[in-house]
Every structure is written in structure tokens, then in C-alpha cells.
Amino acid sequence: MTKPSNWSDDYWLLLLQLYLRKPVGLKPTYCKPMVDLAMELHIHPQVLFNKMCQIASLETPRLERIWERYADNPRRLRRAVGLLREMKGYGNANEFYQGVEVNESFEKDFRPVSEHSAWTPVALILVLDLYFRLTPNTMVKETPEVQELARLLHMRSTDIVVVMDIYQHIDPYLNRHDVMFNDLFGPCADIWRRFGDSDTESLSSFAKQLKEYYG
């Protein structure tokens, strides 16, 4: 997780703008706008959510002043946020940060596992969660839960089934010995190492939060 020390007071404006987006209020930790902002700032979404809770409660005098100045003046806030983003990298952040190493952690979960793949680790986590709630004979494209997840991920049911088949080859309890060749085998094995031995209830709770990204 990115350390909270990466936080800058300037970021309050970016987070306030997101907080004020309709419907006004706290946004789910893993909703896409929250994740997009987290990836822009390289600060974990959970840290941003905790900071947003501070905005909701106006926890400090500084936040009270920021609220008084910007909450009822979206145009002023928009200008301030625009200026802040222009200043980042002097208007060209990619060039400014070229050659600078950024220590990424959670960001990788929301990026494709390879250049030519539509799969992300987050999507593979959601399939693993469903995998633990089905039996092998129900891991087929006709199963309603498979179809529902496919719609959520904007994929085909057969794509979900392929990943579940990979997990079956990885699952030590199934003891499958037939050889499988698939570019997703490595990424699926990584997800299995991270979550395969986890409490299924904890994985299910995490997956439920991640689904907000696709909502």
C-alpha cells in the first residue's frame, strides 16, 4: 500500500471535487473515479477514502476553511483543480517524470496483465471469488452467476469459463495433471498465490468492493 506520507495538502482540492460530484457524499473505495484519482496520485484508494471521511466530518480547521471557500463555488474549485493539474509536471507530467522511478503497488491490479490482454488482476480476482462459490460442473457458460460476472466485466461467458479452467489446473485440491498452455496461466497463478489460501469470506468481501469499479 502506498504510504500516507505521500499525501500533499494540495490533494484536498482534488478529493473535495470528487466528494462533491453528484450524488454528493462519500464515494465507494473502489469506484472508478476514486481508483482513477488514486492512480493519478499514487495513493491507495483506501487512504483516499479515509481522507474523504475527514472531509465529510470537516475534521480540521483547515478542512473547514477549504469547505467554506470551495463547497458552494464549483467554478472556483474547478479553476483551482485545473491550475493544480497544470502545475504538475509544468503541464506535461509524463515528460517531467520521465526517468523517475515510481514505486507502484495497487496500480498494477487495475492495468492489463499484458499488452495484448483485456484481463486485469482485479478481474481475475473477481473470477477467483466466483470460482470458490461454484463447483467444477457448474463452471460453464450457461451458469447464471458466470453470465452475470461476464456482463459486469464486459466479457464473454466463455472467457470467464477459460479462467476458471485455469484455476482448476492450479487448484491443488483438484489434483489435475493434464498440461495447459495459456498466457493467463502465470497471472492466474499470481492471483492464486495472493488469495487462494485466504478466508473465502474475506475474499468475497474484497470482491464485493472491487465490483464497484465496474458499476
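This tour goes from a helix pair to a pocket and then to a cavity.

The model is predicted, so local features need pLDDT of at least 70 and side-chain atom pairs count only at pLDDT 80 or more, while totals for chains, interfaces and linings use all residues. Residues are numbered from 1 along each chain as its sequence is written, and side-chain values use heavy atoms, with hydrogens and water left out.

**Stop 1: the helix pair**

Select residues 11-19, helix α1, and residues 32-41, helix α2. Helices here are DSSP runs (H or I, at least four residues), numbered from the N terminus. The two axes come within 11 Å and cross at roughly 165°; axes are lines fitted to C-alpha atoms over the stretch in contact, and angles run from 0 to 180 degrees between N-to-C directions. That makes α1 roughly antiparallel to α2, a term for angles over 145 degrees. The crossing of α1 past α2 is right-handed, meaning that the near helix is turned clockwise from the far one by less than a right angle.

Now show the side chains. On α1, pick Tyr11, Leu14, Leu15 and Leu18; on α2, the residues they meet are Pro33, Met34, Leu37 and Leu41. Contact means heavy atoms within 4.5 Å. This contact has 8 nonpolar residues, no polar and no charged. Ala, Val, Leu, Ile, Met, Phe, Trp, Tyr, Cys and Pro count as nonpolar, Asp, Glu, Lys and Arg as charged, and the others, Gly among them, as polar.

**Stop 2: the second largest pocket**

On a 1 Å grid over the protein atoms alone, a pocket is an open set of points with protein on both sides within 12 Å along at least five of seven lines, and lining residues have an atom within 4 Å of a point. Its volume is about 160 Å³, taken as the space filled by probe spheres set on the points, which are joined across faces, edges and corners. The largest share of the lining, 4 residues, comes from α2. By class, the lining has 4 nonpolar, 1 polar and 4 charged residues.

**Stop 3: the cavity**

A search of the whole structure finds 1 cavity of 30 Å³ or more; a cavity is a set of points where a 1.4 Å probe fits but cannot get out. Select Trp12, Leu16, Ile55, Leu58, Leu63, Ile66 and Trp67, which line the largest cavity. Two or more of these residues come from each of α1 and α4 (61-70). The most, 3 residues, come from α4. By class, the cavity lining has 7 nonpolar residues, no polar and no charged.

Definitions and conventions: Angles under 35 degrees count as roughly parallel, over 145 as roughly antiparallel, 65 to 115 as roughly perpendicular and the rest as oblique.
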